[in-house]
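Me: Let's zoom in on how aromatic rings pair up in this one. Take me through that part closely, then carry on to whatever else is worth a look.

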Amino acid sequence: MSELSQNSNAAAEHGAQVIRTEVNALTQMADSLGDDFAHAARLMCETQGRVIISGMGKSGHIGNKIAATLASTGTPSFFVHPSEASHGDLGMITKDDVCIVISNSGETAELHGLLAYLTRFAIPFIAMTKNADSTLARQSTVALLLPDAPEACSVGMAPTTSTTCTLAMGDALAVAVMRMKGFAKEDFHVFHPGGKLGAQFVRVRDVMHTGDELPAVAADLAMGDVLVEMSAKGFGVAGVVDGQGKLYGVITDGDLRRNLDGLMDRNAGQTATTSPQIAEPDMLMTEAMAIMNSRNISALPVLDDAGSFVGLIHIHDCLRAGAA
C-alpha cells in the first residue's frame, strides 16, 4: 500500500473517531435532560420579549446559529456580542427579554459586563456551560449543563465536542418551544417565503390563472370556436362549463387527437373528458405538481367548493414557483 493510501486510510479513521466521540457526548447529554431543560423552554416560551443569545469565540458562532434557528421557528431572537454589549449594545436587552449565555468554562472574562447587567435588572438568563460550579451557572436563572466529555481534536483543546453539544442543545430548545407554541407548517412559511422551502408552501390560489385568462367554453359551442379559444388562451386546454359556471369537463390536446375524425361536426360537450383531474384553491402547488406528473398532464382546472371553474394551473406555473 502506498504512503498516500495509508495516510488516506488514517485520515478516515481519525475522522470517524471524531464523530464517535461527539455522538457519545450527544447521547450522554440526551439522557441527562430533565427539569432544568423544561424550565428553560418555559422561560423562552413565556417571555414577552425576545430571546437574546450571547457567547464569545466559537460559542458566539454557535450562538448566532441558535438565534437564527429560533427566529425562523417563531421565537424572536438575535445575537449580541459580549464585547460589543459592554460598549453600548446592552441597550438591546430589555426587562421583557430572556437571555441564553454560552460559555464552556463558565468563566469567560468578556461575559462579566453582560452578567452584571442581567443580574442588576433581574433579567432571566439560561446558562449553557460544562461547569456547574462556574460563575455563569451560579448566577443564572437555570443552567443547562453540557456533558463533561473530551474534545474530539487530537490535542483535546479545540472546541469540537463542546460546540457540537451546544448546537444540539440549542436545536433541542428551539424545537421544544416550537411544539409548546403549536408552531405549524403554515407558520413556518411566513418566515421562509423564498427558495425551495418557500415554494413548498405556495398554494394553487397564489398562482392560478383566473377571470378573462380562463379558457372557458359552453358545452354547445362548436369545436371550431373551441379551437379558437384554446389557441387564444395558450394553455392547450379548455374548461367546458354549464350555465352556472360549473365545470362539465375539459378538452385537451389529447382529446382533440382522439376525436380528430369528425371533430368539426362536434361541440365542446361531445368532445370533453367529463371526469378530469382537478385542483382546489387551497391545495399546495407541490400537490398539484404531483397530480400532473402522475397523470402525465400539463394543466389542472381549479374548482371551488361549489364545483365552479374558478382557475387554471399549468405546469409552467409550478416550475416558475419552484415547486418542481
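Reply: Let's start with Phe121, which is partly exposed at a relative accessible area of 28% (under 20% is buried, over 50% exposed, partly exposed in between, with a 1.4 Å probe and protein chains only). Bear in mind that this is a predicted model, with local features needing pLDDT of at least 70, side-chain atom pairs counting only at pLDDT 80 or more, and totals for chains, interfaces and linings using all residues. Residues are numbered from 1 along each chain as its sequence is written, and side-chain values use heavy atoms, with hydrogens and water left out.

Searching the whole structure turns up one aromatic pair, and Phe121 makes it with Tyr117. The rings sit 5.0 Å apart, centre to centre, with 55 degrees between their planes, so the pair is tilted (rings of Phe, Tyr and Trp, the last by its six-membered ring, pair if centres lie within 6.5 Å; under 30 degrees is stacked, over 60 edge-to-face, the rest tilted). Tyr117 counts as buried, because its relative accessibility is 19%.

Over in helix 14, residues 285-295, the buried set is Met285, Ala288, Met289, Ile291 and Met292 (helices are DSSP runs of H or I, at least four residues; strands are runs of E, at least two; both are numbered from the N terminus). Those residues cover an arc of only 160 degrees around the axis, which puts them on the same side of helix 14 (the arc takes directions from the helix axis to the C-beta atoms). Just past helix 14, Asn296 has a positive phi of about 55 degrees.
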